[in-house]
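Me: Got a structure I've never looked at before. Can you walk me through it?
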Amino acid sequence: MDFCLSALVATGIPIFLLLISFFIFLLRIFTGKSTTNPLYAPAVATVFHQLFYFDNLFDYLTDFSRRYPTFRLLGLKHSELYTVDPRNVEHILKTKFDNYPKGQYTYTIVSDLFGDGIFAVDGDKWRKQRKLASFEFSTRVLRDFSCGIFRKNSIKLALIVHKFSEERSGFDIQDLLMKCALDSIFEVGFGVDLNCLEGSSKSASAFIKAFDESNALVYWRYADFLWKIKRRLNVGSEARLRKNIDLVDDFVYSQIRNKRERHHNLSDDNVKEDLLSRFLAESERDPENMKDRHLRNIILNFIIAGKDSTANTLSWFFYMLCKHPSIQEKVFQQVRDVIQEDKKNMDDFVSKLTDGILEKMHYLHAALTETLRLYPAVPIDGKCAEVDDVLPDGFRLNKGDGINYMAYAMGRMKTIWGEDAEEFRPERWIENGIFRPESSFKFVAFHAGPRICLGKEFAYRQMKIISMVLLHYFRFQLEDEKKEVKYKTMFTLHLDGGLHLQAFSR
């Protein structure tokens with residue numbers, strides 16, 4: 001702060017003008033926000049306080065939630081409400097769905113990266129994409145195609161881990177899972193095998209790095225009130241973001257062009273299995289959807305849903321298994337009991353991972369779900385109030401206010417999950433040996449209501465296949481038990497610095 005003040009004074013701006021500007025700034029934040037009115041949620045800080053706690057933002061907000069299930073951070077034009085009350089979550093995601101869109105505020109922040117994709121838009125644009133995606137995700141062709149890819153890439157991943165195991169060397173499993181997930185999601189999405197796992201695509205590796213950095217830099221905009229000025233001047237974080245998005249676009253557009261050329265060379269009799277080919281076939285009846293920009297938006301949103309969610313969840317899953325060896329062994333025991341297959345032939349083992357087998361893995365399903373409860377792929381999501389409203393907990397909010405539901409904080413609330421809320425206990429999801437789901441408004445890792453995640457079952461299939469293969473052949477432990485594991489604050493819950501493990505053949 002002292003540096004910023006000195007820099008501004010050095011430009012010749014008188015100190016009294018700076019003080020007046022700061023006073024006006026404070027007035028805009030606190031004027032008209034009803035900070036002392038008990039009908040409104042407690043105002044605990046301003047949105048700009050997030051700058052000082054950005055590296056552990058989700059825990060910072062969770063601490064407030066333990067005292068105030070619904071609270072406010074004050075902004076210049078509106079308030080941002082945060083809630084962990086399942087009644088409020090159901091209200092904004094289902095009961096009053098039409099009154100709570102993503103909103104222009106969020107769209108302005110995320111659209112440079114997500115464009116007019118399904119995660120950024122509302123209204124007819126969202127409904128149109130949702131309807132098309134819902135139809136495609138329900139087809140058996142896409143399901144069988146994707147499961148075949150998941151099985152193939154799980155073998156690739158296991159062979160790489162086997163090499164590290166033989167060498168008795170540590171490795172970053174998050175990095176491997178990210179590459180495995182990108183290989184899978186790109187082949188499902190584009191019909192292209194990037195082969196990131198085997199390091200054959202430098203351009204794909206550069207894409208991963210640029211995409212993840214773009215994700216983090218866009219999220220930084222929520223705390224950086226100067227981001228629009230920096231974007232206009234193309235300086236600082238906005239200059240880095242622009243460079244990364246250009247790299248992402250170049251890579252994605254090249255894939256679309258290549259796919260378009262191959263698509264035109266296919267006969268109508270060819271089965272179009274990957275998602276982009278199916279969208280291209282569909283868009284021939286709708287020329288507007290043939291535009292590369294539209295396809296880019298669809299695919300990028302599909303990638304962030306498919307790559308980050310599964311890779312991040314599996315990374316946290318293996319972290320939890322290393323911290324709880326008895327649970328790791330219990331999952332392994334269930335894999336062995338259900339499959340009853342000799343370990344030596346990996347191809348035969350993977351071929352047995354059918355839908356029927358996956359459905360029997362109740363404890364594994366519970367352990368993955370328990371991971372998502374504590375480490376949700378999307379830790380915070382939000383909406384914007386279209387009209388003045390009163391939430392089920394009695395607090396008012398004004399038109400234009402943001403309302404954020406915090407999956408990360410909700411998983412840690414004793415009022416929701418009991419006294420052991422912060423413990424990793426898969427058994428909480430098991431009843432008489434069978435997985436028992438909870439309300440999607442209590443467990444919001446896959447969101448809820450009309451915008452509930454379409455790829456939920458795809459994600460579970462991929463995570464189960466990879467988990468079963470790796471745990472059948474290896475036992476895992478942390479390379480450094482004393483090293484603290486932290487998240488990186490962004491839209492999705494990455495482990496900051498990766499997750500370094502050692503694997504031992506069973």
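Me: What does D224 touch, not counting residues up to four places away in sequence?
Reply: D224 touches L51, K230 and S237 on that count, where contact means heavy atoms within 4.5 Å. This is a predicted model, where local features need pLDDT of at least 70 and side-chain atom pairs count only at pLDDT 80 or more, while totals for chains, interfaces and linings use all residues. Residues are numbered from 1 along each chain as its sequence is written, and side-chain values use heavy atoms, with hydrogens and water left out.

Me: How far apart are D224 and L51 in sequence and in space?
Reply: They're 173 residues apart in sequence and 7.1 Å apart in space, C-alpha to C-alpha.

Me: And where does D224 sit? Is it buried or exposed?
Reply: D224 is in the loop between α9 and α10 (227-233). Helices here are DSSP runs (H or I, at least four residues), numbered from the N terminus. D224 has a relative accessible area of 7%, so it's buried (under 20% is buried, over 50% exposed, partly exposed in between, with a 1.4 Å probe and protein chains only).

Me: Ok, α9. How does it pack with α5?
Reply: Helix α5 (residues 103-114) and helix α9 (residues 202-220) have axes 10 Å apart, at an angle of about 170°. The axes are lines fitted to C-alpha atoms over the stretch in contact, and angles run from 0 to 180 degrees between N-to-C directions. The two helices, α5 and α9, are therefore roughly antiparallel (over 145 degrees).

Me: Which residues make that contact?
Reply: I109, V110 and L113 from α5, with F211, S214, N215 and V218 from α9. They divide into five nonpolar, two polar and no charged. Ala, Val, Leu, Ile, Met, Phe, Trp, Tyr, Cys and Pro count as nonpolar, Asp, Glu, Lys and Arg as charged, and the others, Gly among them, as polar.

Me: What about α14 and α20, how do they cross?
Reply: The axes of α14 (residues 325-339) and α20 (residues 456-473) come within 9 Å and cross at roughly 100°. That makes α14 and α20 roughly perpendicular (65 to 115 degrees).

Me: Switching topic: how many disulfides?
Reply: The count is zero, taking a disulfide as a pair of cysteine sulfur atoms within 2.5 Å.

Me: Is C180 buried or exposed?
Reply: C180 is at 0% relative accessibility, so it counts as buried. C147 counts as buried too, at 4%.

Conventions. Angles under 35 degrees count as roughly parallel, over 145 as roughly antiparallel, 65 to 115 as roughly perpendicular and the rest as oblique.
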